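Please walk through this structure one part at a time. The sequence and the model come first, and the explanation follows.

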Amino acid sequence: MTSVFAEMEGAFMLLAPHNNTTQDALVRPERLEAVAALLPNAEGAPIALQRFVDRVASALRAPCAGVSLILNDAGILAATHGVGGWLAEALRS
């Protein structure tokens, strides 16, 4: 899993709590760019994020796993592994 963590290291470092205020942490341009890079697009989850979720599920021997992001107006599942049924349908739409 080291290589997946290395791929995502830039995004994790930008989300680290080294800001002066809570507001600084939320509106810092580097943070917003890092979060935007994790958002799903027309093709689905970013490849590095999807690999990360797949490997976490495998390492934990979990049937499903996911990464959720809370935005200013919604919560989304940015990447999932092993999700089926109605939730998978909702994620595709």
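Arginine 61 sits in the loop between helix H4 (47-60) and E1; helices (H or I, at least four residues) and strands (E, at least two) are DSSP runs, numbered from the N terminus. Arginine 61 is not a glycine, yet it has a positive phi of about 55 degrees. Most residues other than glycine have a negative phi. With 79% relative accessibility, arginine 61 counts as exposed; exposed means over 50% relative accessible area, buried under 20%, and partly exposed in between (1.4 Å probe, protein chains only).

The model is predicted, so local features need pLDDT of at least 70 and side-chain atom pairs count only at pLDDT 80 or more, while totals for chains, interfaces and linings use all residues. Residues are numbered from 1 along each chain as its sequence is written, and side-chain values use heavy atoms, with hydrogens and water left out.

The protein chain as a whole has five helices and two strands. Read from the N terminus on, its elements follow the order α-α-α-α-β-β-α. Of the 93 residues in the protein chain, 19% are buried. A contact means heavy atoms within 4.5 Å. Among contacts between residues at least 6 apart in sequence, 43% join residues at least 24 apart.

Helix H4 also holds serine 58. Serine 58 is exposed, with a relative accessible area of 54%. From serine 58 to histidine 81 there are 23 residues in sequence and 9.5 Å in space, C-alpha to C-alpha.

Next comes helix H3, residues 29-38, where Ala34, Val35 and Leu38 are buried. These residues are on the same side of H3 because they cover an arc of only 95 degrees around the axis; the arc is that of the directions from the helix axis to the C-beta atoms. An α-helix has 3.6 residues a turn, so residues three or four places apart point the same way. The other side of H3 has Pro29, Glu33 and Ala37, which are exposed.

The two strands come next. Strand E1 (residues 65-70) and strand E2 (residues 75-81) run antiparallel and are joined by six bridges; two strands pair if DSSP finds at least two bridges between them. The link from E1 to E2 is a hairpin through four residues. In a regular strand the side chains alternate between the two faces of the sheet. Valine 67 has alanine 79 in E2 as its bridge partner.

Which residue of E2 stands opposite serine 68? It is leucine 77. Serine 68 belongs to strand E1 and counts as partly exposed, at 48% relative accessibility. Leaving out residues up to four places away in sequence, serine 68 touches Ile76, Leu77 and Ala78. Between the C-alpha atoms of serine 68 and leucine 39, which are 29 residues apart along the chain, the separation is 9.9 Å.

The last topic is the pockets. Rolling a probe the size of a water molecule over the atoms shows where empty space is left. On a 1 Å grid over the protein atoms alone, a pocket is an open set of points where a 1.4 Å probe fits, with protein on both sides within 12 Å along at least five of seven lines, and lining residues have an atom within 4 Å of a point. Grid points are joined across faces, edges and corners, and a volume is the space filled by probe spheres set on the points.

The largest pocket holds about 230 Å³ of space. Its lining includes Pro40, Gln50, Leu77, Ala79 and Leu91. E2 gives the most to this lining, with six residues. By class, the lining of the largest pocket has seven nonpolar, four polar and no charged residues; Ala, Val, Leu, Ile, Met, Phe, Trp, Tyr, Cys and Pro count as nonpolar, Asp, Glu, Lys and Arg as charged, and the others, Gly among them, as polar.

The second largest pocket has a volume of about 190 Å³. Among the residues that line it are Arg31, Val35, Leu69 and Asn72. H3 and E1 are the elements that give two or more residues to this lining. The largest share, four residues, comes from H3. The lining of the second largest pocket divides into eight nonpolar residues, one polar and one charged.
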